[in-house]
Amino acid sequence: MRGGRVPDAVSWAAMNEQPQQAAPGRVVVRFAPSPTGYLHLGSARTGLYNYIFARRHGGSFILRIEDTDLSRSTDEAILQIIGSMREMGLDWDEGPELPGPHAPYRQTERRPIYHEYIQKLLAGGHLYPCFCTTEELEAERRAAQAEKRAWVYSGKCRALPAEDVERRQAAAEPFTLRMHVPPGKTVFHDMLRDAVEFDNDTIGDFIVQRSDGTITYNLAVVVDDVTMGITHVIRGDDHLSNTPKQVVIYKALGAPVPEFLHMPLLFGTDKKKLSKRHGATKLEQLTAMGYLVEVVRNYLCFLSTEFDESMITWTMDDLVEKFDVLKLGTSASIFDPDKLRWMNGRFIRQLDDVALGERLEEYLARVGFYGASAAVEELAKLGPEALAAEVEGVETAPALLVAPDVEQEALTRRLAPLVREKMDVLADFVPIAGWFFRPLAFSAEAAERLAGTAAAAETLRMAAAGLAELEVYDVEHIEALIRDLPARLEAKPKPVFAALRLGMSGQSITPGLFESLWVLGRDAAVERLTTAAALL
RNA sequence: GGCGCAUUCGUCUAGGGGCCUAGGACGCCGCCCUCUCACGGCAGUAACACGGGUUCGAAUCCCGUAUGCGCUACCA
């Protein structure tokens, strides 16, 4: 089935004994990352969808930090995640540093709430203490496996006599609290797949409170979502199998079950979860290569959906207005760097001179180009990835951010229109136009190529002389002069152009010849060509 | 092992029984344009996982099988 249609309220209500839609009014969604590291692109996508969904429906968007796993969570990661979300243009109505009516927003600070709800469940008879040891459980599991039976907890402690429980608790025997999962089926609604059904026998009485008194993920999520009034849970596909357990808890609490939307996962090129091996896995790495945030953002949205070229330049407002999460497919998609690159190129090409100039300047400053152009040029010649790898620490070392001086700034601005059609990512600027920012230099290979070009010396000298005498130094006059050169030298045009390009820049790939000579200015152009001629 | 979800060109996808000799986009290949590299234009390459049904007719509906992923934890 191709997901995407929301069943009408009537048919859906008929499927469930309880009305499903929580509050028919206001939409409340949340994004709940675990702060165990930077914001992964897959999570970023989840955050984005939540944001779009909230804004689209005039609802509110809550940022919640799931840091119950203390050993792996850090405050630094929280800051990083918030930073990435902001960079992507997301904002939220409530969150750790933005207290609202549902504070606090870190699970570690919500413990009293969880225990309050544990008491409720206990009082309702939905929980029971389980004294089974890890060893006993392990034995049960192995036995089941040996008989090729599905293993779920036997429920051995479910019917323990009250006096037994009291005695063992008095004796300080460690115990966990298990959810009493009723027989029957659990059905919930997923906005992309309609009804999803699980047999409760396959769920088994799961642990809700550990023997050390801490709370388990599935309980925490439900309590948080209930107390925060979440109406739509939008999260990764990997949670689909957790959902029936959570629904059991909702029902036990008598709380309205929210709508769910489990979005397809994001994979790397080998169909495995996107990881470092695949290259970039976070926004900052991509921007360090010169991808533009809005392009990455749009790309993330359009995965799992039909793609239309006009979407490349959509703004966040466009996304909110036109992007429908219900149109999402249900199968995982693979992150394709080639397509992103193409999109980025398209985006760059529709930028006007001023906008592109700004982007370039900002980017070049960030990667340290204005401070150490030669070093950055070396890296860039190895590719955007090499450059990005080197500047990865830049957020934590802002000293690398070197602003351009007046001359560098002007040069960058003038170069923008010349390089636009040659770039896919901003890093491409450096190998193509980096030479403008430093004195003429030849690699051994370039020098050899220049020397091997027919009549190179005469070409360079004649061009230099001609440029020096040009009455008006503009692109038009430069072009007329250069175009006339082959005839005067009785040479073919190609080698003439090649010699000039090499003599001017020291390399054989550059922006347009005439425009480049113009951007250099008469003096610099003449000087460069003369210097090159002298080498021959 | 059990349960769940998924499966259309290499990749992202269109497709809701006849409009499908399966459409678009990226990539790749070729041509045109051209001062290099590109941009742009044009053309080409390439897919319904497999097997059974249902039907006059199936990529589309049903049933199996295979494969991938997820859950099956006192992880989140």
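1. N298 touches M311, I312, T313, W314, L319 and M343, where residues up to four places away in sequence are not counted and contact means heavy atoms within 4.5 Å. The residue sits in helix α10 (residues 293-302), helices here being DSSP runs of H or I with at least four residues and strands being E runs of at least two, numbered from the N terminus. With a relative accessibility of 0%, N298 counts as buried, a term that covers values under 20% relative accessible area, with exposed over 50% and partly exposed in between (1.4 Å probe, protein chains only). A polar atom of the N298 side chain lies 3.0 Å from the backbone oxygen of I312.

2. The model is predicted, with local features needing pLDDT of at least 70 and side-chain atom pairs counted only at pLDDT 80 or more, while totals for chains, interfaces and linings use all residues. Residues are numbered from 1 along each chain as its sequence is written, chains are lettered from A and ligands numbered from 1 in the order in which they are written, and side-chain values use heavy atoms, with hydrogens and water left out.

3. Helix α13 (residues 353-366) has 14 residues and reaches 20 Å from its first C-alpha to its last, close to the 20 Å expected at 1.5 Å a residue, the expected span being 1.5 Å times one less than the number of residues. The buried residues of α13 are L356, G357, L360, E361, Y363, L364, A365 and R366, and they pack against α9 (283-288), α12 (337-349), α15 (384-391), α16 (406-419) and α17 (429-433).

4. The axes of α21 (residues 493-505) and α22 (residues 513-520) come within 11 Å and cross at roughly 30°, which makes the two helices roughly parallel, as angles under 35 degrees count as such. F497, L500, R501 and M504 of α21 make the contact with L513, F514, S516, L517 and L520 of α22.

5. Some backbone geometry in the loops deserves a look. The peptide bond from A103 to P104 is cis, with omega near -5°, and P104 is found in the loop between α3 (75-87) and α4 (111-123). A172, not a glycine, has a positive phi of about 60° and is exposed, at 61% relative accessible area. S304, also not a glycine, has a positive phi of about 70°, but is buried at 17%.

Technical notes. Axes are lines fitted to C-alpha atoms, for helices over the stretch in contact, and angles run from 0 to 180 degrees between N-to-C directions. Angles under 35 degrees count as roughly parallel, over 145 as roughly antiparallel, 65 to 115 as roughly perpendicular and the rest as oblique. A polar contact is a pair of N or O atoms within 3.5 Å; within protein, one must be able to donate a hydrogen and the other to accept it, and residues adjacent in sequence count only if both atoms are side-chain atoms.
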